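Work through the exercises below with the sequence and the model open beside you. Try each task before you read its solution.

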Amino acid sequence: MTAHQATDRSADTHPETSYSVVAIAASAGGVHGVSTLLGGLGPTLSVPVLLVQHLDPRHRTVIAEVLSRRTPLPVKLAEHEERALPGTVYVAPPDRHLLVGPDGALTLSTSALVHFVRPSADLLFESVAGAYGPGAIACVLTGTGSDGAMGVDAVKSRGGTVIAQDPGSAEFSGMPEAAVGTGAVDFVLPLEEIAAVVRGLVEDKRQ
């Protein structure tokens, strides 16, 4: 499947789906990738955005401040037990897994590393799959390793929609390649086209 032969299996399967959350995962090269995606989502997104970006846990992070300058959406580090609000981007803090419940309540966890990483995209995606089922959108961007692949399988198995950055356009192709390799990806897109597809999915189903 090339970048422009993305399939939209989810629209056929779930014509009445109303989306409730967007979950994004990135690693190496991710600040640029995430900035591009968030910058294209516009100022009025009607669902919360949950982000796992692998960060060095030894340093205080300024990722929320950096991303705030690239998007009109408010961006903040997620806090334990806060409720995810529409149109806000919640970033997993360094060395904390980020999970979400059906009521939008966020949980930060120091449970064991998953595939050598914390925060884990797999755990975030599995939690949005469990909490929102067909209302979940999962996006896998640039990164090394395979974090996110198990999670996109979970999202797809619960009826959600999965988007991967075209590995050929990714600064580091490991994570998107692993996601595509699961067979669970609905859209394989160049980075610059992902935001428009996310916006279309979320807003089309709200009208």
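**Exercise 1. Describe the chain as a whole.**

Solution. Begin with the secondary structure: the protein chain has seven helices and nine strands, where helices (H or I, at least four residues) and strands (E, at least two) are DSSP runs numbered from the N terminus. The model is a predicted one, in which local features need pLDDT of at least 70 and side-chain atom pairs count only at pLDDT 80 or more, while totals for chains, interfaces and linings use all residues. Residues are numbered from 1 along each chain as its sequence is written, and side-chain values use heavy atoms, with hydrogens and water left out.

Next, turn to burial: of the 207 residues in the protein chain, 56% are buried, a word that stands for under 20% relative accessible area, whereas exposed stands for over 50% and partly exposed for what lies in between (1.4 Å probe, protein chains only). The chain exposes about 8500 Å², and carbon and sulfur atoms supply 53% of that area; accessible areas come from the Shrake-Rupley method with a 1.4 Å probe, and for residues only the protein chains shown count as cover.

Finally, look at the contacts, a contact being heavy atoms within 4.5 Å. Among the contacts in the chain with a separation of 6 or more, 71% are accounted for by residues 24 or more positions apart.

**Exercise 2. Determine how helix α2 packs against helix α7.**

Solution. Two packed helices are described by the angle between their axes and the distance between the axes. Helix α2 covers residues 30–39 and helix α7 covers residues 191–204, and they pack at an angle of about 40° with their axes 8 Å apart. Here the axes are lines fitted to C-alpha atoms, for helices over the stretch in contact, and angles run from 0 to 180 degrees between N-to-C directions. That angle makes α2 oblique to α7, since angles under 35 degrees count as roughly parallel, over 145 as roughly antiparallel, 65 to 115 as roughly perpendicular and the rest as oblique.

The crossing of α2 past α7 is right-handed; a crossing is right-handed if the near helix is turned clockwise from the far one by less than a right angle, and left-handed if anticlockwise. On the α2 side the contact is made by His32, Gly33, Thr36 and Leu37, and on the α7 side by Leu191, Glu192, Ile194 and Ala195. These residues of the contact of α2 with α7 divide into four nonpolar, three polar and one charged, where Ala, Val, Leu, Ile, Met, Phe, Trp, Tyr, Cys and Pro count as nonpolar, Asp, Glu, Lys and Arg as charged, and the others, Gly among them, as polar.

**Exercise 3. List the buried residues of α2 and the elements that they pack against.**

Solution. The buried residues of α2 are Gly30, Gly33, Val34, Ser35, Leu37 and Leu38. They pack against the strands β1 (21–26), β2 (49–53), β4 (89–91) and β7 (136–140), and also against the helices α3 (63–68) and α7.

**Exercise 4. Decide whether α4 and α5 are roughly parallel or oblique.**

Solution. The axes of helix α4 (residues 121–132) and helix α5 (residues 149–157) come within 7 Å and cross at roughly 10°, and therefore α4 and α5 are roughly parallel to each other. In this contact α4 supplies Asp122, Phe125, Glu126, Val128 and Ala129, while α5 supplies Ala149, Met150, Gly151, Val152, Ala154 and Val155. The residues of the contact of α4 with α5 divide into eight nonpolar, one polar and two charged.

**Exercise 5. Examine the backbone at Pro119, Glu81 and Asp95.**

Solution. Arg118 and Pro119 are joined by a cis peptide bond with omega of about 10°, and Pro119 has its place in the loop between β6 (106–109) and α4. Glu81, in the loop between β3 (75–77) and β4, is a residue other than glycine with a positive phi, near 70°; its relative accessibility is 62%, so Glu81 counts as exposed. Asp95, in the loop between β4 and β5 (97–100), likewise has a positive phi, near 65°, and Asp95 is partly exposed with a relative accessible area of 24%.

**Exercise 6. Describe the surroundings of Val75.**

Solution. Val75 lies in strand β3 and is buried, with a relative accessible area of 13%. Not counting residues up to four places away in sequence, Val75 touches Ala64, Leu67, Ser68, Val89 and Val91. The C-alpha atoms of Val75 and Ala64, 11 residues apart along the chain, are separated by 5.5 Å.
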